[in-house]
Amino acid sequence: MHAGRLSRRGLLSLAAATAACSASDSHDGAPGTAVAVATGETTGFFHAYGRELAAVLADGLPGARVSTVTTSGTVDNLSQAAGIPGTFGLAALDAAAAAQHGQSPFALRRPPQAVGRLFDDYIHLVVAGESSLRRISDLAGRKVSVGPSGSGSALVAGRLLQVSGLLSRVSVERLDFGEALSALDRGTLDALFWQGGLPTGSLVQLARRRPIRLLPLGDLLGSMRVRHGPYYRAASIPRGVYGNGTLIDTIAVPDLLVTSTSTEPELVRAVLELIFEDRERIERAVPTAAQLDRRAAIATSPVPLHEGALRYYREVKR
């Protein structure tokens, strides 16, 4: 995407917003506003999507200084986006809803607002191919990585262990995704939880080196919705994605792009325009980006849409 593909009105408005920010946001005297994309762990799905998104924004936002910020994931991204205008974070809707309602682990004075709904995350519970584990109840007494603090995986894994009555019955490890994959490969970890898009490249690579299996989680959907809200839906991991011979029933949760309430509305509008106009470029690098749809993108409740996002969706509806 190049700047010339943005509407003339959008470029003029964005230039004005950039000029207004340049005095306080410039680096080494360079004009332009700072735009950051908070991604996730380097081996995870958010990182791949965020890196490609940042490249699109760097090409399409004239004069802006675009960067990526590597984080632990969803929870960190929500905090980053809430506190730093011009930061856009990828975040799962269940965690974003908790931030909106001031629920643990959040205590944000001004929670971030939604730019749009992008795609769905699938919850993975992964074991080695030779493992005797067949269902989540078999995790009792086992060593399980839920993901690092600050990640969406850790949040949803804690909820799954809670509703299944296993929270105090497993040995919880909080490993980065890459560390957890290595530990599972070495046989020093019994299982790992992962929340990510399909396919997650690092899991595909592990499945090519050695057999892995995914345990079904679909029977916990009702309890998750009753206990933690309507943000979860039934989903299946298709046959063959990770060498699995059958469909795996699991749970999915939507992912949002969020930003500070203080981010310039015209910047938010321009970011959305670039995302939709350069959707195919992002999709080539991250196939799940194909899920992007303008009608679904506005479905971010209970997280309100940012003023700039509302402007964009109203304009394209005309």
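Axes are lines fitted to C-alpha atoms, for helices over the stretch in contact, and angles between them run from 0 to 180 degrees between N-to-C directions. In this predicted model, the axes of helix 6 (residues 177–186) and helix 7 (residues 201–209) come within 11 Å and cross at roughly 15°. Angles under 35 degrees count as roughly parallel, so helix 6 is roughly parallel to helix 7. A search of the whole structure also finds two cavities of 30 Å³ or more.

**Helix 6 and helix 7**
- The crossing of helix 6 past helix 7 is right-handed.
- Helix 6 contributes Phe177, Leu181, Leu184 and Asp185 to the contact, and helix 7 contributes Ser202, Leu203, Leu206 and Arg209.
- By class, the residues of this contact comprise five nonpolar, one polar and two charged.

**Largest cavity**
- The largest cavity holds about 160 Å³ of space.
- Its lining consists of 15 residues, and Phe46, Ser72, Gly73, Trp194 and Gln195 lie nearest its centre.
- Helix 2 (45–60), helix 5 (152–163) and strand 7 (191–196) are the elements that give two or more residues to this lining.
- Strand 7 supplies the largest share, three residues.
- Ten residues of the lining are polar, three are nonpolar and two are charged.

**Second largest cavity**
- The volume of the second largest cavity is about 40 Å³.
- Among the residues lining this cavity are Glu41, Asp176, Phe177, Ala180, Leu192, Phe193 and Trp194.
- Helix 6 and strand 7 each provide at least two lining residues, and the largest share, three residues, comes from strand 7.
- The lining of the second largest cavity divides into seven nonpolar, three polar and two charged residues.

Key: Residues are numbered from 1 along each chain as its sequence is written. This is a predicted model: local features need pLDDT of at least 70, side-chain atom pairs count only at pLDDT 80 or more; totals for chains, interfaces and linings use all residues. Side-chain values use heavy atoms; hydrogens and water are left out. Helices (H or I, at least four residues) and strands (E, at least two) are DSSP runs, numbered from the N terminus. Angles under 35 degrees count as roughly parallel, over 145 as roughly antiparallel, 65 to 115 as roughly perpendicular and the rest as oblique. A crossing is left-handed if the near helix is turned anticlockwise from the far one by less than a right angle, and right-handed if clockwise. Contact means heavy atoms within 4.5 Å. Ala, Val, Leu, Ile, Met, Phe, Trp, Tyr, Cys and Pro count as nonpolar, Asp, Glu, Lys and Arg as charged, and the others, Gly among them, as polar. On a 1 Å grid over the protein atoms alone, a cavity is a set of points where a 1.4 Å probe fits but cannot get out, and a pocket is an open set with protein on both sides within 12 Å along at least five of seven lines; lining residues have an atom within 4 Å of a point. Grid points are joined across faces, edges and corners, and a volume is the space filled by probe spheres set on the points.
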